[in-house]
Amino acid sequence: MNGKPKIGVYVCHCGTNIAGTVNVEEVRDFAASLPDVVVARNYSYMCSDPGQALITEDIKNYGLNRVVVASCSPRMHEPTFRKTLESGGLNPFYLEMANIREQCSWVHEDPIAATEKAKRLLEAAVVKARNLEALEQKEVDVEPSCLIIGGGIAGIQAALDIADAGFKVYLVEKSPTIGGHMAQLDKTFPTLDCSACILTPKMVDVANHPNIELMTYSQVEEITGYIGNFNVKVRKKARFVDMDKCTGCGDCAEACRLAGRIPNEFDEGIGMRGAIYLPFPQAVPAKYTIDKENCLFLAKGKCGETPKCQEVCQAGAINFEQQDEIVEFKVGTIIVATGYDVFDARKKPEYGYGIYDNVLTALEFERLVNASGPTGGKIVMLERGKKKKKKEEEAEAPKVPKSITFIQCVGSRDKSVGNEYCSRVCCMYTAKLAHLVKDKIPDCEVTIFYMDVRAFGKGFEEFYDRVRREGVRYIRGNPSEIFRRGDKLVVKAEDTLTATPLEHETDMVVLSVGLVPRSDNREIIDILKLSQSSDLFYLEAHPKLRPVDTASDGIFLAGVCQGPKDIPDAVAQAKGAASAAMIPMAKGKVKVEAQTSVVNEETCRGCGFCVELCPFTAIELVEVNRQGWPVKVARVNEALCKGCGACVAACLSGSIQQRSFKDNQLLPQIKVLGVK
Amino acid sequence: MVDVSKLRETAREIISREDVRELIGYRAGTYGFRARPAFVYDPGEVDQLIFNPACVNNLATYITLEEKLPVPRGQEPDLRKVAVMVKGCDSRALVQQMAENAYERDRILVIGIPCTGVVDMDKVQARFPDVLGPGEISLEGDKFVLIFDGRREEIPKEELLADKCKRCRFPTPLVYDVLLDEEVAPFATDDYSDVEALESRSQDEKWAYWEEKFSRCIRCYSCRNVCPMCYCNDCILDRLRPQWIRRSVDISENTAFHIARAYHLAGRCIQCGECQRVCPVEIPLMELNRKLYKDVEELYDFEPGVKVDAPPLLSSYRPDDPEDFIL
Ligand SMILES: Cc1cc2nc3c(=O)[nH]c(=O)nc-3n(C[C@H](O)[C@H](O)[C@H](O)COP(=O)(O)OP(=O)(O)OC[C@H]3O[C@@H](n4cnc5c(N)ncnc54)[C@H](O)[C@@H]3O)c2cc1C
């Protein structure tokens with residue numbers, strides 16, 4: 001540092017956010033009285049242009065070499081004020097913030113005590129600022145490629161945008177086909193576009209795009225590195241079908257001894273498939289996959305004389321010897337678009353899902369109304385678990401339901417199952433499905449039990465109105481139970497608008513299940529060290545201003561993995577994530593964390609605790625010469641270090657310090673804040 | 001019991017080896033029954049070596065304690081092995097030191113002593129206070145035999161045995177290159193009843209108890225210096241910038257010192273008991289160490305210095321680590 005500290009202190013009112021509780025003038029006067037403070041001001045919005053100009057002017061006029069801003073959380077405006085310092089010609093790390101909003105005015109009511117606390121927080125910032133050091137922010141090159149995890153509509157859209165911009169995309173999808181949940185839907189609210197018609201062209205574009213390397217039936221195993229330079233390891237699971245040879249003719253699936261005997265996941269178990277299968281006709285890639293858990297040959301070692309599929313495949317594509325393949329590549333950025341699961345309706349046993357054949361989830365119902373679904377789009381009563389009759393003619397024609405009842409908010413807005421949030425799509429998809437019923441079976445009686453109808457989006461209210469006009473009956477009430485009476489299902493509820501208890505007889509019940517975080521989310525969390533919000537969806541860096549970013553630089557979120565949303569929102573977010581990911585790729589360089597750890601190699605005893613603990617594998621042991629002796633000491637790779645401080649806390653000999661959080665910077669703060 | 005002539009013969013062979021620089025063992029002390037560490041550099045010095053129940057010191061300490069003086073220009077550092085004699089309990093210190101990368105396994109040569117228990121010198125002293133001339137202790141069956149001033153006394157093992165030996169689960173060393181005797185089967189278990197007794201007291205009682213103990217501390221740092229796990233080149237307790245603990249001897253700084261010492265050993269203390277043994281003012285340091293030892297075992301199912309190659313507790317993390325104690 002050049003000479004004595006000259007500190008400027010700026011107390012922000014944040015409108016009334018801070019000034020409504022804290023006496024900002026008093027805090028300013030207090031600041032002015034502290035040693036080394038040469039100017040102290042208060043201002044309504046420090047983050048505004050004139051607010052920032054106060055700082056740059058003072059740097060010039062008073063020769064400030066340290067700046068303290070007492071305002072909101074540094075998570076909010078630290079980057080803003082660092083830029084201010086920079087434009088005033090000061091190293092940006094000579095800034096210290098005192099959080100007198102989130103940690104003071106917002107959480108206290110007594111103005112006198114809050115003002116006292118604000119003074120303490122400010123003094124702590126001032127004493128730390130005295131010992132701040134200038135730091136250098138280094139730059140690293142960015143690999144011009146992006147990994148996208150999850151090939152639902154969000155992943156597909158992000159992949160297409162980035163690939164179209166000229167960057168390489170690796171799209172990794174866990175299941176045998178891309179498309180995600182959108183591929184399962186029939187029509188889409190509120191415009192009633194056919195889901196497949198708008199989705200499948202995009203799926204084909206992905207497959208054909210020269211800049212996209214599509215890896216289906218694949219899983220990310222490991223990711224190391226940092227923004228600009230991630231090293232990715234992907235496991236391509238063995239499909240037992242040679243992708244280059246398979247023509248997608250489907251002879252194998254017809255020949256399979258188990259054809260029509262295994263519940264098809266894509267049809268939510270309503271339709272059946274064989275052990276070798278294509279999830280649905282428009283799947284991308286249009287290549288077959290053998291499910292090794294069920295395949296007689298792979299699971300039991302025997303499938304008649306020779307496996308049927310092998311026998312009929314003219315391309316010779318079946319290969320039972322195929323092994324999982326590990327591929328490794330480098331990317332500069334990552335987009336997570338892993339989507340969601342639907343709520344498991346068995347967790348609400350009072351609704352009898354899993355007990356009564358004709359209590360369905362909405363996703364099952366989507367397959368039932370879908371023209372390419374197992375019934376060809378005919379809405380019929382289900383007989384689950386019954387063996388298929390040998391000859392089709394012998395089977396009586398399936399019955400058509402005369403009344404269908406929907407129940408909304410199953411697994412959403414329900415503390416009893418731990419989901420407090422609204423799933424945002426169920427009101428509208430229920431209206432959509434009700435409309436489709438009316439369209440296909442005009443005399444079918446359709447009833448919807450709801451708590452509130454949330455028709456908040458573009459065209460939603462209009463659509464809701466239209467459906468009501470079609471004769472769909474909305475009853476406000478949350479059913480307590482479903483039971484069977486004769487060949488009818490009875491929904492027991494209370495119409496809360498008229499306060500009448502009622503028992504509603506119906507043929508079929510559709511549960512409008514909510515969207516929940518995927519049960520396998522942990523995999524990606526562990527690999528990428530993502531955080532979760534309280535609803536357990538992935539957490540964005542800031543709920544308003546950084547909705548597609550994560551806390552880790554270069555890793556972005558798109559689609560429902562970040563929180564429930566409909567297709568338009570998922571697509572919009574995907575486009576946002578794509579453009580966010582393209583910024584560092586287009587620039588070609590990124591700045592890396594400057595507040596990294598440093599090892600004192602003189603005192604480090606090389607125990608390696610920090611090496612094991614570092615979540616970013618940024619530390620390694622290296623051999624150095626200490627007065628003629630070869631000794632091991634820890635060394636930090638500054639490009640990898642994120643400044644989390646885990647190593648600092650673990651070091652028994654106190655040999656690691658984190659820049660801007662060094663002992664001589666923190667201890668004076670503790671002294672100020674400690675009990676006096 | 002270890003045969004002394006075999007011990008010396010083995011030592012002679014070892015110190016004669018080209019790749020061994022030094023051998024650390026035991027020799028008779030200058031008065032009474034005591035034994036003390038011996039540092040042998042030459043085959044001619046091996047005849048002073050002994051092993052008997054008076055050999056209480058944990059010699060593992062000396063491996064990390066040794067100061068590495070600057071190597072004069074033009075010379076190579078002496079990287080030959082150090083041979084060290086260890087009992088079962090002491091060997092755990094080696095295991096833990098190596099887990100912490102204090103040195104590589106091939107830097108040491110371990111002479112293992114299967115141990116049937118050592119005496120508590122304070123108990124011996126209390127019993128025979130005025131023995132100044134040379135005395136000898138050996139273990140015969142379940143009796144310690146003490147020979148001094150032409151007398152021979154037999155005392156039941158229980159009465160003189162060190163407390164740590166009464167709950168010893170590892171009488172045979174866990175690492176060694178040579179073993180001086182047949183393995184000794186574990187003869188005791190540890191039920192932590194002493195720790196539980198401490199835990200069952202009220203907070204006020206505990207505070208009063210430790211306040212009295214810590215107020216005695218003269219901050220000689222013997223406990224730190226003798227500890228085989230305290231071997232940072234530059235101990236934070238000695239630092240002036242920042243000065244974590246002031247030099248003054250008072251209850252506040254003493255308490256801070258003892259808490260820091262105990263916490264730096266959490267998940268690392270291997271219960272050799274040396275700290276308590278050397279404390280001149282009889283602070284029961286092992287009660288603190290054992291409380292943390294028990295917590296670590298209960299919370300993380302971890303025991304330091306037991307498994308060769310197991311990563312140290314503080315460097316391992318699992319997402320499901322218990323954290324109920326975090327407020
Ligand atoms: C019954 C129902 C009806 C709906 N109807 C409509 C409607 O009419 N209109 C509308 O706008 N919205 C509707 N939605 C909402 C719509 O489904 C979602 O908005 C949309 O599908 C979200 O797409 P996504 O890409 O975020 O997630 P998903 O569609 O879930 O896609 C995620 C993809 O990621 C893959 N994946 C997951 N984990 C991994 C991993 N670890 N590695 C690799 N790949 C992985 C999955 O296999 C999947 O392919 C409906 C939802 C339901 C439940």
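Buried area is taken here as the accessible area (1.4 Å probe) that two parts lose on being put together, summed over both. In the predicted model, local features need pLDDT of at least 70 and side-chain atom pairs count only at pLDDT 80 or more, whereas totals for chains, interfaces and linings use all residues. Residues are numbered from 1 along each chain as its sequence is written, chains are lettered from A and ligands numbered from 1 in the order in which they are written, and side-chain values use heavy atoms, with hydrogens and water left out.

Chain A and chain B bury about 2,200 Å² between them, and carbon and sulfur atoms account for 60% of that area. On the side of chain A, the residues that lose the most area to chain B are A:R605, A:W629 and A:L652, which together make up 35% of what that side buries. Contact (heavy atoms within 4.5 Å) involves 24 residues of chain A and 26 residues of chain B.

Between the two chains there are 2 salt bridges, a salt bridge being a side-chain nitrogen of Lys or Arg within 4 Å of a carboxyl oxygen of Asp or Glu. The side chains of A:K632 and B:E104 form a salt bridge with an N to O distance of 3.1 Å. At least two residues of the chain A side that touches chain B come from each of α16 (609–613), β32 (619–626), β33 (629–636) and α18 (663–673); helices (H or I, at least four residues) and strands (E, at least two) are DSSP runs, numbered from the N terminus.

Over all chains, the count of salt bridges comes to 73. In chain A, A:E364 pairs with A:R384, the closest N and O atoms lying 3.2 Å apart. A:E364 is buried at a relative accessible area of 3%, while A:R384 is partly exposed at 30%; buried means under 20% relative accessible area, exposed over 50%, and partly exposed in between (1.4 Å probe, protein chains only).

In chain B, B:K291 and B:D295 form a salt bridge at 3.0 Å between the closest N and O atoms. These residues are separated by about one helical turn, because they stand 4 residues apart in helix α12 (residues 285–300). Both B:K291, at 26%, and B:D295, at 22%, are partly exposed. A network of salt bridges also links B:R21, B:E22, B:E66, B:D78 and B:R80.
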